[in-house]
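I opened a structure that was new to me and kept short notes. Here is what I looked up, entry by entry.

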Amino acid sequence: MGALALAACAPALQPLSGVPVPARLPAAELPPARQLVVFRWELHDGELVARGDGAARLAPPDSARLDFFVAGGMGSGAAVLIGDSLRLPATNFTTRLVPAAPLLWAALGRLDLPALADTVARVDGSVLRADIGSPVQWRVTFAGTRLQRLERVAGGRVLESVDRAASGQVSYRQERDHRTLALVITKVDEVAPFDSAIWTFP
């Protein structure tokens with residue numbers, strides 16, 4: 001019954017358009033230098049609406065820490081990504097904020113998916129889309145070489161997605177609970193190496 005309800009509220013994955021191309025995707029990686037990314041965020045989760053400021057510390061090739069601060073000093077939370085591992089403190093409201101590791105990486109511009117066979121890719125103008133897995137488990141979209149969208153798919157339906165606009169806006173949507181998280185990047189700086197303590201929680 002739960003699977004039927006989930007299928008009913010998730011949009012169907014539309015067929016790929018464009019002409020077939022070899023399934024070699026653009027490199028979607030963290031910038032070569034360490035960066036501090038400052039952003040504003042807003043969460044809609046049922047009747048809950050929360051917003052605030054945040055910062056992401058990015059260390060190539062595969063490490064990131066995100067800190068979220070609720071407006072009005074009402075709390076804070078954090079998440080650490082190292083490779084395909086997502087870590088949260090034991091008590092952390094960010095469990096309602098952050099998606100699974102592949103989608104969170106996509107929000108930061110890095111593509112990091114489980115190894116799956118049977119990738120099908122098509123190009124339509126400057127847009128490249130690829131379906132990964134058989135049956136499809138992920139669809140990734142590139143605008144030129146920029147990672148634009150990642151969708152998690154099950155049963156031919158989109159369960160959740162991340163969109164990255166060229167303007168610096170990032171949005172996450174989880175279809176089942178109609179949960180959305182919007183990030184607006186306000187500043188990006190190259191920085192010195194981070195203290196190793198940021199990658200662990202007390």
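I began with the contacts. In this predicted model, residues 24 or more positions apart account for 50% of the chain's contacts with a separation of 6 or more.

Next I looked up the secondary structure. I found 13 strands and two helices in the chain.

Then I turned to overall size. The C-alpha trace spans about 50 × 45 × 30 Å along its principal axes. I compared the radius of gyration with the globule rule: a compact globule of 202 residues would come near 17 Å, and the chain agrees, with 17 Å.

I checked the surface. The chain exposes about 10,600 Å², and carbon and sulfur atoms supply 54% of that area. Of the 202 residues, 40% count as buried.

The chain has 21 positive and 20 negative ones, and their mean positions are 1 Å apart.

How many aromatic pairs does a search of the whole structure find? It finds three. One of them joins Trp41 and Phe68 edge-to-face, at 6.0 Å centre to centre and 80 degrees between the planes. Trp41 sits in strand E2 (residues 35-45) and Phe68 in strand E4 (residues 63-70), so this pair ties together parts 27 residues apart in sequence.

Conventions
Residues are numbered from 1 along each chain as its sequence is written. This is a predicted model: local features need pLDDT of at least 70, side-chain atom pairs count only at pLDDT 80 or more; totals for chains, interfaces and linings use all residues. Side-chain values use heavy atoms; hydrogens and water are left out. Helices (H or I, at least four residues) and strands (E, at least two) are DSSP runs, numbered from the N terminus. The radius of gyration is taken over C-alpha atoms; the globule rule is 2.2 Å times the number of residues to the power 0.38. Buried means under 20% relative accessible area, exposed over 50%, partly exposed in between (1.4 Å probe, protein chains only). Contact means heavy atoms within 4.5 Å. Accessible areas come from the Shrake-Rupley method with a 1.4 Å probe; for residues, only the protein chains shown count as cover. Lys and Arg count as positive and Asp and Glu as negative; His and the chain ends are not counted. The place of a charge is taken as NZ of Lys, CZ of Arg, CG of Asp or CD of Glu. Rings of Phe, Tyr and Trp (its six-membered ring) pair if their centres lie within 6.5 Å; planes under 30 degrees apart count as stacked, over 60 as edge-to-face and the rest as tilted.
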